[in-house]
Amino acid sequence: MPHWQELQPLPAPWQRRDERILPLWWDRLCSVTSAQSAALYAAGLFTDDRRRPIAQWYNPETDAALLVAPETSPEWPVQRFGIFYAPPGGGFTRVYSAPHEWHPREPRTPPTEQESFVAAVAEAARFLQVEMDFV
């Protein structure tokens, strides 16, 4: 990994919370779209907390959050992890990044689901480092 991509420790206020998807995500998504649209967004990710793995960080000081989770419907031939950001003060956005994809029909062919997840988590951690420079 190039030096500039090495992971630094996360800024102190960010806490990892992977046990369940925070209710904040539903609230934020509904604030920018209708409840019907929110229910369909990212293959129902925010209405049905069943898709794993996820990685999630929360900053209680600013009420901001970052999430890495599967964003494609389970039956699609190519699966993808998305990175979602809830900035301080409100709102919701998808962080556009490199595609973190895998093919479930070929579970041992790289990139695997685990490799895609690890890469998405690393990119999300880098995003937090940069974001803290602007908050």
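**Briefing: salt bridges and cores in a predicted chain**

Glutamate 71 counts as buried because its relative accessibility is 11% (buried means under 20% relative accessible area, exposed over 50%, partly exposed in between, with a 1.4 Å probe and protein chains only). The model is predicted, so local features need pLDDT of at least 70 and side-chain atom pairs count only at pLDDT 80 or more, while totals for chains, interfaces and linings use all residues. Residues are numbered from 1 along each chain as its sequence is written, and side-chain values use heavy atoms, with hydrogens and water left out.

**Confidence**
- The average pLDDT of the chain is 86, and 87% of the residues score at least 70 (pLDDT is the predictor's confidence in each residue, from 0 to 100).
- Over residues 1–5 pLDDT stays under 50, and the model has two contacts beyond four places in sequence for this stretch (contact means heavy atoms within 4.5 Å).
- Where pLDDT is low, the predicted coordinates should not be read in detail.

**Overall layout**
- Three helices and five strands make up the secondary structure of the chain (DSSP runs numbered from the N terminus: helices are H or I with at least four residues, strands are E with at least two).
- Along the sequence the pattern reads β-α-α-β-β-β-β-α.
- The chain has 135 residues, of which 40% count as buried.
- Of the contacts between residues at least 6 apart in sequence, 59% join residues at least 24 apart.

**Salt bridges**
- The chain has five salt bridges (a side-chain nitrogen of Lys or Arg within 4 Å of a carboxyl oxygen of Asp or Glu).
- Glutamate 71 forms a salt bridge with arginine 94 at 2.6 Å, N to O. This pair links distant parts of the chain, 23 residues apart: glutamate 71 is in the loop between E3 and strand E4 (79–86), and arginine 94 is in strand E5 (residues 93–102).
- Both glutamate 71 and arginine 94 are buried. Through shared partners, salt bridges join Glu71, Arg80, Arg94 and Glu101 into one network.
- Glutamate 71 also meets arginine 80 in a salt bridge, at 2.7 Å, N to O; arginine 80 counts as partly exposed because its relative accessibility is 24%.
- Aspartate 63 and arginine 28 form a salt bridge at 3.8 Å, N to O. Aspartate 63 lies in the loop between E2 and strand E3 (64–70) and arginine 28 in helix H1 (residues 23–32), so the pair ties together parts that are 35 residues apart in sequence.
- Aspartate 63 is partly exposed at 35% relative accessibility, whereas arginine 28 is buried at 8%.

**Nonpolar cores**
- The largest nonpolar core contains 17 residues, and Leu24, Trp25, Leu45, Phe46, Ala65, Leu67 and Phe84 have the most contacts inside it (a core is a set of buried Ala, Val, Leu, Ile, Met, Phe, Trp, Tyr and Cys residues joined through side-chain atoms within 4.5 Å).
- At least two residues of this core come from each of H1, E3 and E4.
- Beyond four places in sequence, the residues that leucine 67 touches include Trp25, Leu45, Phe46, Ile54 and Phe84.
- A second, separate core has 16 residues, among them Ala55, Trp57, Tyr85 and Val121.

**Isoleucine 54**
- Isoleucine 54 sits in the loop between helix H2 (35–40) and strand E2 (55–59) and is buried at 5% relative accessibility.
- Its contacts beyond four places in sequence include Arg16, Asp18, Leu67, Pro70 and Phe117.
- Isoleucine 54 and valine 121 are 67 residues apart along the chain, with 8.9 Å between their C-alpha atoms.
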